[in-house]
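Good morning, everyone, and thank you for making the time. Please have a look at the model on the screen before I start talking through it.

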Amino acid sequence: MKKVAIIGGGLSGLTAAFYLARQNKNIDWQVYEASARFGGHIKTVHKQGYIIEKGPDSFLARKPAGMQLIHDLKLDSELVKNATGQSYIYQNKIFHPIPEGSIMGIPTKLKPFLKSKLFSPLGKVRVLYELIKPADRSKEDQSLGDFFEKRFGKEMVTHLIEPLFSGIYAGNLYQMSLRATYPAMETLLNENGSILKGLRKQRVQTTGTKQTIGAFRTLKGGMTQLVDELVKQLPAERCHLNKAIENIEKNEDRYHLLFKNGEIEVVDEIIFGINHLRALELMPQYESPLKNQKIASSATLSFGFKINDVPSLPEGTGFLMTREKDEHMTACTWVHTKWPHMVPENRVLLRVFLGRSNLSNVTELADDELISLARTYLQDIMGVTAEPEVTEISKMNMAMPQYNIGHTERVTSLLEKTRHQREGLHFIGMSYEGVGIPDCIQLAKETVKNM
């Protein structure tokens, strides 16, 4: 019987274990989690009637892997849709609604775009010029920033596209790989000669507009409910907490896992459900094409207020910040409108996101410094001066892998290396083929299917 070690008890590792168990293959698998809890970055806290997410608050419903896992776990009845879709861009002390029909900031409807005060007249003309601008097709990967600036101009990038992508990847748009993050845009350009023409032909879901109501899903008890159900449906004797690994050594065709408590396990194959840098720490002798890939850090702070303590806000899910200044804040979610079931009656829950790749690591700040910084933004932007009745801090140090230019080629090289050399090593999680929950689920599912 083949022995397999799944290293990491986050969503990716638990998903791999779940589908491995369902396949009923002749495999003896074990999950090893270094910390005292399963779930990785997914963690829900319940405080005074508030449901507060310290990590991701939802997943995209249009990507099938997430919805399929929910169905396989029989959690369908626990699903909740986001109640509103409209998001804003905060610029020059004004909340500008993302124009209706926008797809990652790119307009598919001209009237809402032309009415928007987010862009200057010249900026709007530059965007529309994309319709007749010759297609500058490239054989090489390029940055998102360069690609979109060449097609739509600098203003569109800084005012709308950059805030949206930074909210997803927490990175520098001019270093992020186009082919690893949004290859569909390059395909549209190559097939239609214009991105605007290509998008107007398709029925693609908009981003951050009223039409995105119901685009996201969470669970009634928060995202930790997904983790808890995975653990519940796995054999307890195969899932191990507080099992930190010190080192992994290869001896002939098998791997020796040396645990920090002195124990040793010998396995035939390993599924790494941890980030690529941690995997390299365990196997420093392994030559990985991703060894120079960086990981960004961020922090989120959630504040619960009585409804009368918060000035009136526009109707919507929250806002994203432009990079006009070197501000640590990137976004704010109005949880009480996006997910009303998470907030007690007559209460407001504001979730502030801090951390930019070009600034100092916010997770190194003390808790009181983070609270002070976040509350300063709440006061300056939304006029919130009252003391919160609930405060929750989440520091996500080295949590978001950066898909820089050439990332897709490096991942392909890694997978080909492990496949052709039959090393018995498998890599899943955010470091490789997508940072979203459905992406992580899909990669884990495909990996164990092919074992």
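This is a predicted model: local features need pLDDT of at least 70, side-chain atom pairs count only at pLDDT 80 or more; totals for chains, interfaces and linings use all residues.

Let me begin with helix 5, which runs over residues 144-152 and in which L144, G145, F147, F148, R151 and F152 are buried. As a reminder, an α-helix has 3.6 residues a turn, so residues three or four places apart point the same way. The cover over the buried residues of helix 5 includes strand 10 (106-107) and helix 4 (121-128), together with helix 6 (154-169), helix 7 (178-181), helix 8 (183-192) and helix 9 (195-201). Helix 5 is followed by G153, and the phi of G153 is positive, near 95 degrees.

Staying with this region, E149 forms a salt bridge with K154, with the closest N and O atoms 3.7 Å apart. Both partners are partly exposed, K154 at 44% relative accessibility and E149 with a relative accessible area of 27%.

Over the whole structure, the search finds 20 salt bridges, and I would like to pick out a few others. One of them joins D439 to K63, with the closest N and O atoms 3.1 Å apart. Because D439 lies in helix 16 and K63 in the loop between strand 5 (59-60) and helix 2 (64-72), this pair ties together parts that are 376 residues apart in sequence. K63 is partly exposed, with a relative accessible area of 28%.

Another is formed by the side chains of R254 and D268, at 3.1 Å from N to O. Here R254 belongs to strand 14 (residues 254-259) and D268 to the loop between strand 15 (264-267) and strand 16 (269-272), so the parts tied together are 14 residues apart in sequence. R254 is partly exposed at 33% relative accessibility, and D268 is partly exposed as well, at 23%.

Finally, which residues lie nearest the centre of the second largest pocket? They are T418, R419, H426, T447 and N450, out of 17 residues that line this pocket, whose volume is about 480 Å³. Helix 14 (407-420), strand 22 (425-427) and helix 16 (437-449) are the elements that give two or more residues to the lining.

Methods
Residues are numbered from 1 along each chain as its sequence is written. Side-chain values use heavy atoms; hydrogens and water are left out. On a 1 Å grid over the protein atoms alone, a cavity is a set of points where a 1.4 Å probe fits but cannot get out, and a pocket is an open set with protein on both sides within 12 Å along at least five of seven lines; lining residues have an atom within 4 Å of a point. Grid points are joined across faces, edges and corners, and a volume is the space filled by probe spheres set on the points. Helices (H or I, at least four residues) and strands (E, at least two) are DSSP runs, numbered from the N terminus. Buried means under 20% relative accessible area, exposed over 50%, partly exposed in between (1.4 Å probe, protein chains only). Contact means heavy atoms within 4.5 Å. A salt bridge is a side-chain nitrogen of Lys or Arg within 4 Å of a carboxyl oxygen of Asp or Glu.
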